[in-house]
Amino acid sequence: RMKKEPVIVDSSEDDASGKTCQLLPGGFAGTGPNGSFFETPEWVDKTKAPGLTSQEGAVAPPGWWINFATGQFLFFSPNLVWLSIALVDYFIFPYDFQAAKSFQDLDWVLYRFAVNFAITFGY
């Protein structure tokens, strides 16, 4: 039996034309090194077949806890997007805690369902 060698396909991000407009700093909110969501992370070796890059340096580099203790990890994580959505939801569509104290009128449940449905499926 012959083993089939994996084919490495060049992607558009490897284009060396130099014509890029970087709106976000590399890694911000989970983006790639050039500020795009549609590129591989910086630690991925694109010369290797998919799944063969060691993740050792990205998983627990020395001093990994400093970013967690300072909160810096949030700005370079996709969780920043979700935090932003949750804060917009909380301040634009506040919870009606007075209505939620009683089970007599459940209109607030329908309102929260509609807001959460719109945010979830609008994303």
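This is a predicted model: local features need pLDDT of at least 70, side-chain atom pairs count only at pLDDT 80 or more; totals for chains, interfaces and linings use all residues.
The protein contains five helices and zero strands. Read along the sequence, the elements follow the pattern α-α-α-α-α. Helix 1 spans residues 56-59 and helix 2 spans residues 64-70. Helix 3 covers residues 79-92, and helix 5 covers residues 107-122.

Of its 123 residues, 11% are buried. The accessible surface comes to about 10,600 Å². Carbon and sulfur atoms account for 64% of that area. Contacts were also grouped by sequence separation. Among contacts with a separation of 6 or more, 44% join residues 24 or more positions apart.

The largest pocket has a volume of about 620 Å³. Its lining consists of 20 residues. Closest to the pocket centre are Gly27, Trp43, Ala58, Asn67 and Phe76. Two helices, helix 1 and helix 2, each supply at least two lining residues. Helix 2 provides the largest share, with three residues. By class, the lining holds 11 nonpolar residues, eight polar residues and one charged residue.

One salt bridge was counted in the model. The side chains of Asp89 and Arg112 form this pair, with an N to O distance of 3.0 Å. In general, side chains of opposite charge can pair when their charged atoms come close. Both partners fall under the 20% cut-off for burial. Asp89 has a relative accessibility of 10%, so Asp89 counts as buried. Arg112 has a relative accessible area of 7% and is therefore also buried.

Two further residues were examined for their position and accessibility. Glu56 belongs to helix 1. The relative accessibility of Glu56 is 64%, so this residue counts as exposed; the cut-off for that class is over 50%. Glu56 and Trp43 are 13 residues apart along the chain. Their C-alpha atoms are separated by 9.8 Å. Trp43 is one of the residues closest to the centre of the largest pocket.

Gly35 is located in the segment before helix 1. Gly35 is buried because its relative accessible area, 17%, is under the 20% cut-off. In sequence, Gly35 and Leu23 are 12 residues apart. In space, the distance between them is 6.7 Å, C-alpha to C-alpha.

Taken together, the model describes a protein with five helices and zero strands. Its largest pocket draws on helix 1 and helix 2 for part of the lining.

Notes:
Residues are numbered from 1 along each chain as its sequence is written. Side-chain values use heavy atoms; hydrogens and water are left out. On a 1 Å grid over the protein atoms alone, a cavity is a set of points where a 1.4 Å probe fits but cannot get out, and a pocket is an open set with protein on both sides within 12 Å along at least five of seven lines; lining residues have an atom within 4 Å of a point. Grid points are joined across faces, edges and corners, and a volume is the space filled by probe spheres set on the points. Helices (H or I, at least four residues) and strands (E, at least two) are DSSP runs, numbered from the N terminus. Ala, Val, Leu, Ile, Met, Phe, Trp, Tyr, Cys and Pro count as nonpolar, Asp, Glu, Lys and Arg as charged, and the others, Gly among them, as polar. A salt bridge is a side-chain nitrogen of Lys or Arg within 4 Å of a carboxyl oxygen of Asp or Glu. Buried means under 20% relative accessible area, exposed over 50%, partly exposed in between (1.4 Å probe, protein chains only). Contact means heavy atoms within 4.5 Å. Accessible areas come from the Shrake-Rupley method with a 1.4 Å probe; for residues, only the protein chains shown count as cover.
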